[in-house]
Amino acid sequence: MSYFTANLTREEAEVREEMARQDATWGQQNHADGTGPDVFWGITGRASVVADGARERCKASAPGEDTWLKILFEEVAEAFAEDDTGALLPELLQAEAVIRQWRMAIRRRLAAGDAR
């Protein structure tokens with residue numbers, strides 16, 4: 001998918017470029033949300049350990065088992081584990097792009113009459 005980037009702020013252009021990279025890697029994503037009041041977070045431990053666990057959960061997901069919650073949690077956990085400002089910026093960018101992708105997926109579902 002192409003995201004028009006002319007006449008945007010630098011921040012907005014970076015987010016759209018990251019979204020395009022995500023689309024190029026995984027195609028259009030339409031995962032289950034994975035959210036709800038009974039979802040267990042189980043967040044304990046050092047940020048680096050939580051980030052490693054989140055990354056492994058995403059890698060271990062079988063096709064069709066990814067959820068937006070798992071994907072966003074991985075990106076946020078990776079950002080929380082960064083202590084280098086230069087490395088933190090791209091992690092935050094990836095998280096922001098995932099949030100926008102998730103919102104777009106919800107809009108596609110609602111437009112199709114699927115209000116899961």
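**Reading contacts, helix packing and cores**

Me: Leaving aside neighbours within four places in sequence, with which residues is Trp 68 in contact?

Reply: Contact means heavy atoms within 4.5 Å. On that basis, Trp 68 touches Gln 29, Asn 30, His 31, Ala 32, Asp 33, Val 98, Gln 101, Trp 102 and Ala 105. The model is predicted: local features need pLDDT of at least 70 and side-chain atom pairs count only at pLDDT 80 or more, while totals for chains, interfaces and linings use all residues. Residues are numbered from 1 along each chain as its sequence is written, and side-chain values use heavy atoms, without hydrogens and water.

Me: How do helix 3 and helix 4 run relative to each other, parallel or antiparallel?

Reply: Two packed helices are described by the angle between their axes and the distance between the axes. Here the axes (lines fitted to C-alpha atoms over the stretch in contact, with angles from 0 to 180 degrees between N-to-C directions) of helix 3 (residues 68–80) and helix 4 (residues 85–111) come within 8 Å and cross at roughly 165°. The two helices (DSSP runs of H or I, at least four residues) are therefore roughly antiparallel (over 145 degrees) to each other. Among the residues making the contact are Trp 68 and Leu 72 of helix 3, and Val 98 and Trp 102 of helix 4.

Me: Which residues make up the largest nonpolar core?

Reply: A core joins buried (under 20% relative accessible area, 1.4 Å probe, protein chains only) Ala, Val, Leu, Ile, Met, Phe, Trp, Tyr and Cys residues through side-chain atoms within 4.5 Å. The largest has eight members: Cys 58, Trp 68, Ile 71, Leu 72, Ala 95, Val 98, Trp 102 and Ala 105. Helix 4 provides the largest share, four residues.

Technical notes
Parallel < 35°, antiparallel > 145°, perpendicular 65-115°, else oblique. Buried < 20%, exposed > 50% of the residue type's maximum accessible area, 1.4 Å probe, protein only.
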